[in-house]
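Subject: Structure handover

Hello,

Here is the structure for you to look over.

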Amino acid sequence: MQTRQQKDALQALGDVQSILGKGEEFQKSYATAVHRFPFLIRQNGLQQTLAFYAGKAHAKKKENEQDGRSTAEGQFLDQILKTLSLYRADLKYVDVLGKLAKADLQSYMLHTRRCLEVAIWYRRFVESVLKIDATGTSTEQTTDRGENHDGA
């Protein structure tokens, strides 16, 4: 039997590893989305943060003529919604956000706490698997230059 933390870690690891085959620019966009996510939830709340990511995915969809779910923000948003058991491929983001908006306070707080818990795993795996830190810089580049995280 696995703990919820183990399941979250396994899901996050698989999701982040699925980004490895994508281009460097996509990986940086994905890493930025992952690193900013917990900060945005704490600052703006879960509903506004998810709506922000849905809006970014939609805007990039228009720019690039691609599916919004295939953008870095859209892919991360889908992964988070799967964690909340709110994801369905046939649902639009607005439908999912509407469901969340109708949730009672206890459910909303639970979803917020779950997102923050899972976001930690995504951040750790972005740093260890993609090797991109919160500044969007590859940690391999800083290691190659002999720098460490203290900037020394």
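Below is what was found, from the whole chain down to single residues.

**Overall picture**

Please keep in mind that this is a predicted model. The protein chain has 7 helices and 0 strands. Its pattern along the sequence is therefore simply α-α-α-α-α-α-α. The chain has 152 residues, and 39% of them count as buried.

How much of the contact set links residues 24 or more positions apart? Among contacts in the chain with a separation of 6 or more, the share is 63%.

**Helix α1 against helix α6**

Helix α1 covers residues 4–17, and helix α6 covers residues 105–130. Their axes come within 9 Å. They cross at roughly 45°. That angle is why α1 and α6 count as oblique to each other. The crossing of α1 past α6 is right-handed.

Who meets whom here? On the α1 side the residues are R4, Q5, D8, A9, Q11, A12, L13, D15, V16 and Q17. On the α6 side they are R114, E117, V118, W121, Y122, F125, V126, V129 and L130. Sorted by class, the contact of α1 with α6 has 11 nonpolar, 3 polar and 5 charged residues.

**Helix α2 against helix α4**

Next, helix α2 (residues 24–44) and helix α4 (residues 72–83). Their axes are 8 Å apart, and the packing angle is about 45°. α2 and α4 are therefore oblique to each other. α2 passes α4 in a crossing that is right-handed.

From α2, the contact uses F26, S29, Y30, A33, V34 and F37. From α4, it uses A72, E73, Q75, F76, Q79 and I80. The class count for α2 with α4 is 8 nonpolar, 3 polar and 1 charged.

**Two residues in α2**

F37 belongs to helix α2. Is F37 buried or exposed? Its relative accessible area is 1%, so F37 is buried. Leaving aside neighbours within four places in sequence, F37 is in contact with T49, L50, Y53, F76, I80, C115 and A119. One of these, F76, is also listed on the α4 side of the contact with α2. I80 is listed there too.

I41 has 4% relative accessibility, so it counts as buried. What does I41 touch, leaving aside neighbours within four places in sequence? The contacts of I41 are L46, T49, T112, C115 and L116. C115 and T49 are also among the contacts of F37. From I41 to C115 the C-alpha separation is 8.7 Å, and the two are 74 residues apart along the chain.

L97 sits in helix α5, which spans residues 93–101. L97 counts as buried because its relative accessibility is 14%, under the 20% cut-off. Not counting residues up to four places away in sequence, L97 touches Q47, L50, A51 and A54. The C-alpha atoms of L97 and Q48 are separated by 9.3 Å. In sequence, L97 and Q48 are 49 residues apart.

A51, one of the residues touched by L97, lies in helix α3 (residues 46–64). A51 has 36% relative accessibility, so A51 counts as partly exposed. A51 and V96 are 45 residues apart in sequence. In space their C-alpha atoms are 9.9 Å apart.

**A backbone point**

Most residues other than glycine have a negative phi. K131 has a positive phi of about 60°, although it is not a glycine. Where does K131 lie? K131 is in the loop between α6 and α7, and α7 covers 139–144. With 29% relative accessibility, K131 counts as partly exposed.

**Where to look**

Take the right-handed crossing of α1 past α6. Then go to F37 in helix α2. Finish with K131 and its positive phi.

Best wishes

Notes
Residues numbered from 1 in each chain as written. Predicted model: local features only at pLDDT ≥ 70, side-chain atom pairs only at ≥ 80, totals over all residues. Heavy atoms only, no water. Helix = DSSP H or I, 4+ residues; strand = E, 2+ residues; numbered from the N terminus. Buried < 20%, exposed > 50% of the residue type's maximum accessible area, 1.4 Å probe, protein only. Contact = heavy atoms within 4.5 Å. Axes fitted to C-alpha atoms, helices over the stretch in contact; angles between N-to-C directions. Parallel < 35°, antiparallel > 145°, perpendicular 65-115°, else oblique. Left-handed = near helix turned anticlockwise from the far one by under 90°. Nonpolar A, V, L, I, M, F, W, Y, C, P; charged D, E, K, R; others polar.
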